Amino acid sequence: MMLLRLLADKEQVGEIRCFFISDFLSYSIRVNEVTRYTSLITMKQDASIGNQHLSDYFSPKMVIRLYHDARLAEVVSNQDVWAIKPRYDYPNQAMHLPDEKQQINEFLKEWLQLSLQLGQSKVEFA
């Protein structure tokens with residue numbers, strides 16, 4: 001529901017929404033794919049100081065699949081790690097935490113709450 005509020009009915013492929021949190025932090029949501037029952041979006045954090053963009057370490061991103069009929073969002077990729085399992089044995093070779101997927105979903109929730117509470121979007125007047 002929070003993602004739908006941020007998208008504000010702009011669910012066409014290539015559509016980008018940006019939310020500025022402060023002078024150096026912003027989030028962007030890009031619509032990658034829209035089908036009858038799902039949409040695929042990328043949410044990315046951008047950080048910069050002055051005119052200098054900070055490295056990718058400060059620019060995390062998630063790919064999220066939205067299920068329209070169920071009104072559900074699923075993180076399908078986090079930091080270019082695809083096919084995140086619901087649970088992992090620990091320790092494992094990739095050192096994923098046992099509840100990795102749950103923590104990623106919580107992180108997405110925090111991003112969305114921050115964007116809704118503090119985010120400002122540029123509005124262009126015709």
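**Close-up views of side-chain pairs in a predicted model**

The structure holds three salt bridges, a salt bridge being a side-chain nitrogen of Lys or Arg within 4 Å of a carboxyl oxygen of Asp or Glu. The model is predicted: local features need pLDDT of at least 70, side-chain atom pairs count only at pLDDT 80 or more, and totals for chains, interfaces and linings use all residues. Residues are numbered from 1 along each chain as its sequence is written, and side-chain values use heavy atoms, with hydrogens and water left out.

**View A. Salt bridge between glutamate 33 and arginine 65.** The side chains of glutamate 33 and arginine 65 meet at 3.4 Å, N to O. Helices (H or I, at least four residues) and strands (E, at least two) are DSSP runs, numbered from the N terminus. Glutamate 33 has a relative accessible area of 30% and is partly exposed. Buried means under 20% relative accessible area, exposed over 50%, and partly exposed in between (1.4 Å probe, protein chains only).

**View B. Salt bridge between lysine 101 and glutamate 74.** An N to O distance of 3.3 Å separates the side chains of lysine 101 and glutamate 74 in this salt bridge. The pair links distant parts of the chain, with lysine 101 in helix H2 (residues 100-118) and glutamate 74 in strand E6 (residues 72-78), 27 residues apart. Lysine 101 is buried at a relative accessible area of 16%, whereas glutamate 74 is partly exposed at 26%.

**View C. Salt bridge between aspartate 46 and lysine 44.** The side chains of aspartate 46 and lysine 44 meet at 3.9 Å, N to O. Lysine 44 is partly exposed, with 33% relative accessibility.

View D. The structure holds two aromatic pairs. Rings of Phe, Tyr and Trp (its six-membered ring) pair if their centres lie within 6.5 Å; planes under 30 degrees apart count as stacked, over 60 as edge-to-face and the rest as tilted. The ring centres of tyrosine 27 and tryptophan 111 are 5.2 Å apart and the planes are at 55°, so this pair is tilted. Tyrosine 27 in strand E2 and tryptophan 111 in helix H2 are 84 residues apart, and their pair links distant parts of the chain. Phenylalanine 107 and tryptophan 111 form a tilted pair, with 5.0 Å centre to centre and 50° between the planes. Phenylalanine 107 and tryptophan 111 are four residues apart in helix H2, and therefore separated by about one helical turn. Tryptophan 111 is buried, with a relative accessible area of 3%, while phenylalanine 107 is partly exposed at 33%.

**View E. Polar contact between threonine 42 and asparagine 32.** The two side chains are joined by a polar contact of 2.6 Å. A polar contact is a pair of N or O atoms within 3.5 Å; within protein, one must be able to donate a hydrogen and the other to accept it, and residues adjacent in sequence count only if both atoms are side-chain atoms. Threonine 42 lies in strand E3 (residues 38-49) and is buried at 15% relative accessible area. Asparagine 32 lies in strand E2 and is partly exposed, with 30% relative accessibility.
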